[in-house]
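Hi,

Here is the structure I promised to send over.

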Amino acid sequence: MARRDNRNQRSRDPRGDDDRGEELDERVIDISRVAKVIKGGRRFAFRVVVVVGDNKGRVGVGVGKSRVVPDAIRKATDRARRDLKPVNLSGATIPHEAVARHAGAEVLLRPASQGTGVIAGGGVRAVLEAAGVRDILTKSMGSANVLNVVYATLKALAQLKSPEAEAARRGKDVNSVKPFWTRKKHGQPQA
């Protein structure tokens with residue numbers, strides 16, 4: 001019996017609490033009530049979608065389900081923290097255009113010049129702001145289902161390549177693959 005107690009006292013996260021020490025941006029995107037039909041009627045629970053990011057190029061999404069909302073938020077936050085993925089950024093925007101589809105939702109991400117802001121709505125905005133994107137143009141096409149739109153946005157961010165890697169792949173100069181407003185012309189930034 002004592003052996004079983006020792007097992008329960010160990011941490012469930014083998015990597016330790018490395019994410020707990022840093023400050024992460026957590027946003028609850030969606031809380032929806034879901035029902036499971038059972039013999040006596042319906043059993044209701046809550047599904048919560050949470051986005052977690054460090055505003056420096058890492059973002060993760062988690063989904064939690066529970067009979068009470070606080071437990072669902074906690075579960076979703078823990079899953080999102082475990083699922084943080086790096087995103088290639090070019091300053092405060094993205095390096096190039098990206099289109100991704102998840103189920104019926106399709107998301108278009110387009111880089112924008114400095115000062116544009118985040119032109120996005122709902123789940124797309126939450127994911128991009130948590131990732132640290134400050135200037136971007138987006139369009140959500142197809143389904144408006146929040147969960148599918150969030151996953152499509154994550155897929156689009158995963159497609160992004162750094163300008164240095166793309167330039168090396170094409171055998172070109174780094175400035176030729178960066179967005180035009182960041183290129184330098186004869187040693188001067190373009191106005």
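Leaving out its neighbours within four places in sequence, L109 is in contact (heavy atoms within 4.5 Å) with I94, H96, E97, A98, V124, L128, I136, L137, T138, T153, A156 and L157. Bear in mind that this is a predicted model, where local features need pLDDT of at least 70, side-chain atom pairs count only at pLDDT 80 or more, and totals for chains, interfaces and linings use all residues. Residues are numbered from 1 along each chain as its sequence is written, and side-chain values use heavy atoms, with hydrogens and water left out.

L109 also turns up in the largest nonpolar core, which has 28 residues; V59, L109, V127, L128 and L157 have the most contacts inside it. By "core" I mean buried Ala, Val, Leu, Ile, Met, Phe, Trp, Tyr and Cys residues joined through side-chain atoms within 4.5 Å, with buried meaning under 20% relative accessible area (1.4 Å probe, protein chains only). The largest share of this core, 7 residues, comes from α4. Apart from it there's another core, of 8 residues, including V50, V52, A72 and A76.

Now the sheet. It is open and antiparallel, with 4 strands in the order β1-β2-β3-β4. Strands are DSSP runs of E, at least two residues, and helices are runs of H or I, at least four, numbered from the N terminus; two strands pair if DSSP finds at least two bridges between them. β1 (25-38) and β4 (85-86) sit at the edges, each pairing on one side only. Between β2 (residues 41-53) and β3 (residues 58-66) there are 8 bridges.

Cheers

How values were computed. Buried means under 20% relative accessible area, exposed over 50%, partly exposed in between (1.4 Å probe, protein chains only).
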